[in-house]
Amino acid sequence: MYCEKEQLNKELLELLEAKEQDLKYNKLAYMFPAKGKYSRDKYPKQMEFFARGKDFMERALIAANRTGKTTAAATEVAYHLTGRYPEEWAGRRFNTAIEVWAAGDTAQTTRDVIQTMLLGHIDDLGSGLIPRDSIVDTTRKAGVPDSIETAIIKHESGENSYIGFKSYDQKRKAFQVTFKHIIWLDEEPSDPGIYTECLTRLISDVAPGMIMCTFTPLYGLSPVVLEFLPGGEFPRGGVNGHKSVINMTWDDVPHLPQSQRDILLAGYSKFERDARTKGLPSFGAGRIYPFFEEQITVEQQRIPPWFAKAFGFDTGWNRNAVVWGAMDPETKVVYIYDEYYVGHTHPAINAHAIKSRGDWICGACDPDGVNQEDGRQMFNIYCDEGLNLVKANKKEKDATILMVGQMFESGQLKIVAEKCPNLLKEIRMYSRKEDGRIADTADHAIDALHYLIKTGLQCMDTAPDGDESDRAANVRRDEFTGY
């Protein structure tokens with residue numbers, strides 16, 4: 001009897017040890033289970049990210065910190081490398097072995113995060129998401145201790161998959177090789193050329209590859225972020241043409257208790273909180289007007305006739321931008337209540353649209369614009385078309401930027417959001433490069449705003465008695481002609 005009990009205990013111990021070994025060296029089988037505290041139904045954003053791989057070549061999971069975005073991408077990469085898909089898998093499948101790149105900021109972060117998550121610690125390979133019995137061989141990377149260059153992974157088809165570990169500090173040329181089935185970029189590359197090179201590696205006449213980006217947008221509206229967020233906003237339905245983008249916040253995952261959230265939140269600056277907790281582009285140091293839109297916008301409202309008005313006008317063939325401002329005589333708050341934003345249109349059409357808002361309103365216009373056809377100054381052309389214009393002061397741009405920023409900060413400058421979408425779009429992207437120069441993004445409406453604030457405020461006036469054309473706040477116009 002004693003021997004039987006001893007034997008049962010021995011078998012039980014062996015089962016427990018086998019289970020422990022399976023949990024350690026076959027983690028992939030236990031990811032996103034059907035039931036339990038952290039079941040897959042509690043992670044809808046990760047599930048949606050997986051599913052969209054079936055239809056989209058370019059995907060981004062732009063998420064808050066600590067939400068499991070890197071874990072989600074690593075899990076998918078492990079599925080594809082091994083061919084060990086779960087029964088409920090709704091994403092793309094590869095029935096044969098594949099070639100993959102996984103890249104992070106530096107060789108060290110790639111090793112510490114991506115390599116460790118996929119393969120486990122260098123002295124215990126197989127303790128990551130790729131099962132130990134699937135790891136055929138690895139090649140060490142020279143110059144970086146404990147770092148792996150390439151891993152060979154056994155695929156269910158019987159063939160071998162390959163994964164190469166890269167980093168953005170290797171520069172763009174390191175990403176100029178041959179076709180890859182999957183490229184995973186964990187955190188966004190500071191050089192947008194790396195993203196472009198990666199896209200090129202996916203081109204195939206038979207079955208194009210796919211790229212996955214997982215990051216918290218701490219660099220604000222960087223070129224890579226704007227690849228997925230046109231105009232700096234998440235697209236409707238999470239689809240931007242052939243790109244899929246999913247936003248994931250702290251509220252979308254069950255594994256972050258409120259006590260941890262409170263501790264983390266207390267350590268974040270106000271400009272990075274939305275990025276770290278909601279996955280929204282950060283108001284970083286590079287952004288020139290780092291204000292939340294709720295701070296600087298108001299809902300559509302009627303502008304009373306006793307408010308003094310003026311406009312700023314940035315001319316150009318590719319884009320003509322006008323913004324109208326009105327000042328409350330009591331509070332001195334300036335409301336940017338309307339805009340005109342078109343390109344490739346004749347001056348006569350533009351002048352007609354501008355005058356339709358009130359032909360008496362004075363405008364501060366760019367004095368340097370030149371007509372491409374005859375070399376005439378655009379300022380003079382528009383004066384001949386009947387616009388009431390003064391030459392805008394374009395000097396001391398930094399001082400003007402400071403003035404506008406101070407007016408936003410103090411609440412003296414507000415934008416009617418519904419009427420000025422293009423101005424708001426430009427403000428989101430208006431930023432400085434690392435060398436202090438203003439980044440090369442659309443700034444036509446912003447220039448018009450600068451002209452209005454720097455020069456136009458001085459020529460503001462109220463509507464003449466009995467003027468019937470001053471109806472800008474109440475009329476919905478054709479977006480092309482403006483009237």
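Predicted model: local features only at pLDDT ≥ 70, side-chain atom pairs only at ≥ 80, totals over all residues.

Tyrosine 195 counts as buried (under 20% relative accessible area, with exposed over 50% and partly exposed in between, for a 1.4 Å probe and protein chains only), because its relative accessibility is 1%. Phenylalanine 228 likewise counts as buried, at 0% relative accessibility. Residues are numbered from 1 along each chain as its sequence is written, and side-chain values use heavy atoms, with hydrogens and water left out.

**Aromatic pairs**
- The whole structure holds 17 aromatic pairs, where rings of Phe, Tyr and Trp (its six-membered ring) pair if their centres lie within 6.5 Å, with planes under 30 degrees apart counted as stacked, over 60 as edge-to-face and the rest as tilted.
- Tyrosine 195 and phenylalanine 228 form an edge-to-face pair, with 6.1 Å centre to centre and 80 degrees between the planes.
- Tryptophan 306 and phenylalanine 307 are also edge-to-face, because their ring centres are 6.5 Å apart and their planes stand at 70 degrees.
- Tryptophan 306 is exposed, with a relative accessible area of 58%, whereas phenylalanine 307 counts as buried at 8% relative accessibility.

**Charges over rings**
- Arginine 59 lies over the face of phenylalanine 49, at 4.6 Å from the ring centre, the criterion being NZ of Lys or CZ of Arg within 6 Å of the ring centre and within 35 degrees of the ring normal.
- The charged end of lysine 166 sits over the ring of tryptophan 101, 4.9 Å from its centre.
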